[in-house]
Amino acid sequence: MNEKRCTSCNAPLAKTGATWFGCPDCGAQVLRCVNCREQSIPYLCPACGFGGP
Ligand SMILES: [Zn+2]
Ligand SMILES: [Zn+2]
């Protein structure tokens with residue numbers, strides 16, 4: 001199983017609305033749920049600790 005969780009709030013990601021991108025610092029995959037995206041919750045890279053809006 002490959003469960004994806006939101007990097008910001010650790011909620012399991014829904015099928016739709018979630019977004020993901022590469023960390024600008026280390027390139028690790030950062031996942032955000034639609035909730036955190038709409039509320040502009042800052043993310044924190046799980047690999048290097050880089051944070052951003
Ligand atoms: Zn979230
Ligand atoms: Zn990173």
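Buried means under 20% relative accessible area, exposed means over 50%, and partly exposed lies in between (1.4 Å probe, protein chains only). This is a predicted model, in which local features need pLDDT of at least 70, side-chain atom pairs count only at pLDDT 80 or more, and totals for chains, interfaces and linings use all residues. Residues are numbered from 1 along each chain as its sequence is written, chains are lettered from A and ligands numbered from 1 in the order in which they are written, and side-chain values use heavy atoms, with hydrogens and water left out.

**Exercise 1.** Find the donors of the zinc ion (ligand 1) and classify its site.

*Solution.* 
- Donors are N, O and S atoms within 2.8 Å of the metal (3.2 Å for Na, K and Ca); water is not among the atoms, so sites may look incomplete.
- The SG atoms of Cys6, Cys9, Cys33 and Cys36 coordinate the zinc ion (ligand 1) at 2.3 Å.
- Four donors count as tetrahedral if all angles lie between 85 and 135 degrees; here the angles are 104 to 115°, and the site is tetrahedral.

**Exercise 2.** Is Cys9 buried or partly exposed, and what about Cys33?

*Solution.* 
- Cys9 has a relative accessible area of 40%, so Cys9 is partly exposed.
- Cys33 has 10% relative accessibility and therefore counts as buried.

**Exercise 3.** Describe the site of the zinc ion (ligand 2).

*Solution.* 
- The donor atoms subtend angles of 107 to 113°, so the arrangement is tetrahedral.
- Both Cys23 and Cys45 are buried.

Definitions and conventions:
Tetrahedral: all angles 85-135°; square planar, octahedral: opposite > 155°, others 65-115°.
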